[in-house]
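Student: Could you walk me through a few features of this structure? I'd like to learn how to read them one at a time.

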Amino acid sequence: MNKYLSGDEAFAEGVRLACPDVISAYPITPQTVVVEKLSEMVENGSLDAEFIHVESEHSALSCAIGASAAGVRTFTATSSQGLLYMAEGLVYASGGRFPVVMMNANRATALPWNIYGDQRDSLALLDTGWIQAYAENAQEALDLALMSFYIAEHKDVSTPFMANLDGFVLTHTYENVEIPSQEQAKEFLPPYETENRFDFEHPKNMAFSAGPETNYIFKYKEHKAFDRAVNVIEQAEKRFAEIFGRKYSGLVDAYLTDDADFVIITLGTAAGLCRTVADELRSDGIKAGVLRIRYMRPFPVKEIAEHLKNAKAAAVLEKDISFGYAGTVYINTAAAFQSGGITAKLSNFIGGLGGRDISADDIRDIYKKLQNGTEGVEFIGIGGDN
Amino acid sequence: MSINAGNLDKNEYFYGHKACAGCGGSLAVRAALKVLGERSVAVLPAGCMSAVGFNFPQLCFSNNAIISMFAGTASMLTGAEAGLRRKGYKDFHAVGFAGDGGTADIGIQALSGAIDRDDDIIYICYDNEAYMNTGIQKSGLTPYGARTTTTPAGENIRGNIRPKKNMFEIAAAHDIPYAATATVGYITDFMNKVEKASKIRGTKYIHVIAPCPTGWGVPVNDTIDVAREIVDCGLWYLAEYENGKFTLNRDPKEFTDAEKYLLRQGRFRHLTKEDIDVIITSRDKKWEKIRKEWK
């Protein structure tokens, strides 16, 4: 069935198809549509789930962890300040290996207050042990919702999953979306089975303390789960393609990178316009390419090296900044360049903060700068007076 | 039949932990779990009981148990209860054991949310009247006059200058199905309140005084005695809130000497006659109200 849906609505449809047992959420713009839709689905009976109206984001995640510890499928959603308020719970969920799935509507963080989209919220929390994926369009949002449960709950992974949607640009923009049937979804997504749960026959003490003698072993295992997640993501996408007929390309989505001299690397919705500009430049004989990073964790170290090996220069275009250094995506990418032996020059363009538009001209300008030689960190559109 | 020493479950559910000698909190947890039994899921936030009971690989609960985030006892209880129900389990108890700081300070928002939703959980606050696990710092339930490491008693300020937050009546103000106060000094009364709570649907809140000999400055074999005396001298009371009504369970004809209760404890030893008068006046005012309204 096809429907005209916003990114938030599409993600909610994906969650419905995944049949979570417990949903706990607190409203925050621009996530609200997801929780409103899920509430409607519970009300009209199209989703059989416990929808728990918690009094804060901290409690939303705490509640989801409690339910996950009971061994059931759990979902929450948030954005920006709400995600930051959950921060303690993020490391708690990952450390306890509770595969909670969360949708985060990427939004600027205060101060100054701003409700529009940028990616400072999730990228600031990159080190909390969650798988982080970034969708580009509403269809991918729905599909990612379904796949996120498969990947997070897989016994080789057991790691929480944060699916990110650009605030407003994706969460509130309408597209034609294909909604799979419940039967197909059931075929794709097995029920959640785990031993990491309360059990009255074999009682467990969970979320315990571990001192210096053993603590690092738990952390090592958490880290290794991300290596296995790479394979599980591939496996999930293969299975997804077989059942639903839509193909995804793993940790990255490459466009014309094979022979590209100049490549823009970015996350989420910005990639679409980059591709349009790349096409335009190609018709002028300039070999432009785009590499969209789909997963920030696990990070596509190998994929970046593979796609950038022939490039002359590359830029990371991102909607965040790690103050005092550079953009977080750039910092990660630069390390992948180093370990992958990539010799192309890598520069960093910061744009879209607080929802500021990134125009086709901005992207043309980045490609031009790549051709002329550029380095360092540049804030797009910043004037001399600032 | 009410619970007593004779018919109490002989199994131990909280055993082999590292709590200090004379710990009132561990006694409250042990006794409550004997009432609730093996089909309990216990949620404990960061604090004394989780610090002494969950040190991998020495895990001390023989029922299901989990440490929650400090502010998240009630919210994790909500999730655990909902999750277990969705998993198809019936006839179990989701019980939380949080200290005074975990309840009245950092955890009050989540607790209020759970009562508001009327989630089917039992929340037990073991009140040792300060952040004992971190070394005796003042909490919202530290009583007036008490010396803690963050409310030192000196020439200018004689310890904590604010009275205890009234958690029992705060819980009741949510129109909670059941709330009660208790003390480990009258352990049978406490256990029977836990038993009563276990049979009521919705949110239940029990506030149990649980002395900490280290923090209170009393000998380790005085825990029970001091936990009784706090009630006998009128500085704590045993009461219940049910069906919208308060009931006073114990109305002593005559209070024992409050000054003696205070001065036997290191944390109050600096109090002057005037300080003690303030405490006794406030006690009498409270009892006047209780006796009028809760009988």
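Tutor: Start with burial: a residue is buried if 20 or more other C-beta atoms lie within 10 Å of its own. Keep in mind that this is a predicted model. Ser158(A) has 21 C-beta neighbours inside 10 Å, so Ser158(A) counts as buried.

Student: Where is Ser158(A) placed?

Tutor: In the loop between helix H7 (138–153) and strand S7 (161–166) of chain A. Ser158(A) also has a positive phi of about 40°, although it is not a glycine.

Student: And Ser80(A), is it buried or exposed?

Tutor: Buried: 29 other C-beta atoms lie within 10 Å of Ser80(A). Ser80(A) sits in helix H4 (residues 80–85) of chain A, and its phi is positive too, about 45°, though it is not a glycine.

Student: How many residues does each chain give to the contact?

Tutor: Chain A gives 37 residues and chain B gives 35. On the side of chain A that touches chain B, the largest share, 9 residues, comes from H3(A). By class, that side has 18 nonpolar, 13 polar and 6 charged residues.

Student: In which sense do S9(A) and S4 of chain B pair?

Tutor: Parallel, over 2 bridges. There, Met206(A) stands opposite Ile66(B) in S4(B).

Key:
Residues are numbered from 1 along each chain as its sequence is written. Chains are lettered from A and ligands numbered from 1 in the order in which they are written. This is a predicted model: local features need pLDDT of at least 70, side-chain atom pairs count only at pLDDT 80 or more; totals for chains, interfaces and linings use all residues. Two residues are in contact if their C-beta atoms, placed from the backbone, lie within 7 Å. Helices (H or I, at least four residues) and strands (E, at least two) are DSSP runs, numbered from the N terminus. Ala, Val, Leu, Ile, Met, Phe, Trp, Tyr, Cys and Pro count as nonpolar, Asp, Glu, Lys and Arg as charged, and the others, Gly among them, as polar. Two strands pair if DSSP finds at least two bridges between them. A residue is buried if 20 or more other C-beta atoms lie within 10 Å of its own, exposed if 12 or fewer, and partly exposed in between; C-beta atoms are placed from the backbone.
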